[in-house]
Amino acid sequence: MNTLNTSASTAWQGGRRRIHLQDVGPRDGLQMEQAFVPTADKIALVDLLSTAGLAKIEVTSFVSPQAIPALRDAEIVLREIRRAPGIVYTCLVPNLRGAERAIEARADELNLVMSCSETHNLANLRMTREQSFVALTAVMALAQQAQVPINVSLSCAFGCPMEGDVPPDVVLDWAARFVALGARGITLCDTTGMAFPTQVAALTRGFRERFADTELTLHFHNTRGMGLANVLASIDAGADRFDASLGGLGGCPYAPGASGNVCTEEIVHALELMDFDTGCDLAVLLEAARRLPALIGHDTPSQIAKAGRRLDLHAPPPDFETWRARAAARG
């Protein structure tokens, strides 16, 4: 059986199946920007996203302000956003101190991160994977004491730019260790855009078979142009929850040329055309995406923000009526 063809044909049927979209732009996108987006503008952006029907918004990151100065206002942003019922307001925390800050700022969920690749983990977090696991175990204990749910994002789940392929069993075994500790959800991250559809489908099925009761999120980048194809392949394999970034912002400092996350408004546009139910208001997402260039000082990758939706029609050329009259005169 041709897995790719089967996945594509099934995924395209749609049928109002619910797909949950989670925007990570305020964290994953803005942390990569050179320009500091003013705190009030960050809050306004999250508040606008809160009206768009998203399932979850990753608001900020409680890392050291020296490490990521772009998010040095994390506490203020998380405290002052207007929270809409039904939306999970999550944030990334790297360590115990970050967890304490996030809990004090009323995070709905803590998102913890480590890499499935030893090399990437050392480059990104300055720790071995085992050292990261020990540190994150302490964070999970603190969060459980505070009754704040935990999601664990496993970077380089589909490949490492320094090691190459990461065996699926390695990914699933790391997931198992965090599930055993009580993680509510696991995110499989295509950190540097190395994933491809048949690989994605196989790992998604493997995860679903092993962890049927654990919330699964897929986090794709569009570095090699396969972001939407990977979303469709994983939907066909049983996934229903995806990270995406407004405007397609984001990237990875350890993968030269890596582009941003899959673009929230592009994924919503495509899935809605295929009759999936995203619960999202595309017009609101486009309004938010079109605000980004003024905030960050440059254009974004979003094609939908530039070209509009498929049926956003245009007026005929100015001389159209003249040519139509001449055509009619010719019979």
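Which residues in H7 meet Val170, Trp174, Arg177 and Phe178 in H8? In this predicted model, local features require pLDDT of at least 70 and side-chain atom pairs count only at pLDDT 80 or more, whereas totals for chains, interfaces and linings use all residues. Residues are numbered from 1 along each chain as its sequence is written, and side-chain values use heavy atoms, with hydrogens and water left out.

The H7 residues in question are Arg129, Glu130, Phe133, Leu136 and Met140, contact being defined as heavy atoms within 4.5 Å. This contact comprises 6 nonpolar, no polar and 3 charged residues. Helices (H or I, at least four residues) and strands (E, at least two) are DSSP runs numbered from the N terminus. The axes of H7 (residues 129-145) and H8 (residues 168-180) come within 11 Å and cross at roughly 30°; axes are lines fitted to C-alpha atoms, for helices over the stretch in contact, and angles run from 0 to 180 degrees between N-to-C directions. H7 and H8 are therefore roughly parallel to each other, a term applied to angles under 35 degrees.

The strands S1-S2-S3-S4-S5-S6-S7-S8 form a closed barrel with parallel pairing, where a pair requires at least two DSSP bridges. Strand S6 (residues 185-189) runs parallel to S7 (residues 215-219) and is joined to S7 by 5 bridges, with Glu215 in S7 as the bridge partner of Gly185. H8 lies across S4 (109-115), S5 (150-155) and S6, at about 165° to S5.

In helix H10 (residues 227-236), 7 of the 10 residues are buried, so this helix is largely enclosed by the rest of the structure. Buried denotes under 20% relative accessible area (1.4 Å probe, protein chains only).

Technical notes
Parallel < 35°, antiparallel > 145°, perpendicular 65-115°, else oblique. Nonpolar A, V, L, I, M, F, W, Y, C, P; charged D, E, K, R; others polar. Buried < 20%, exposed > 50% of the residue type's maximum accessible area, 1.4 Å probe, protein only.
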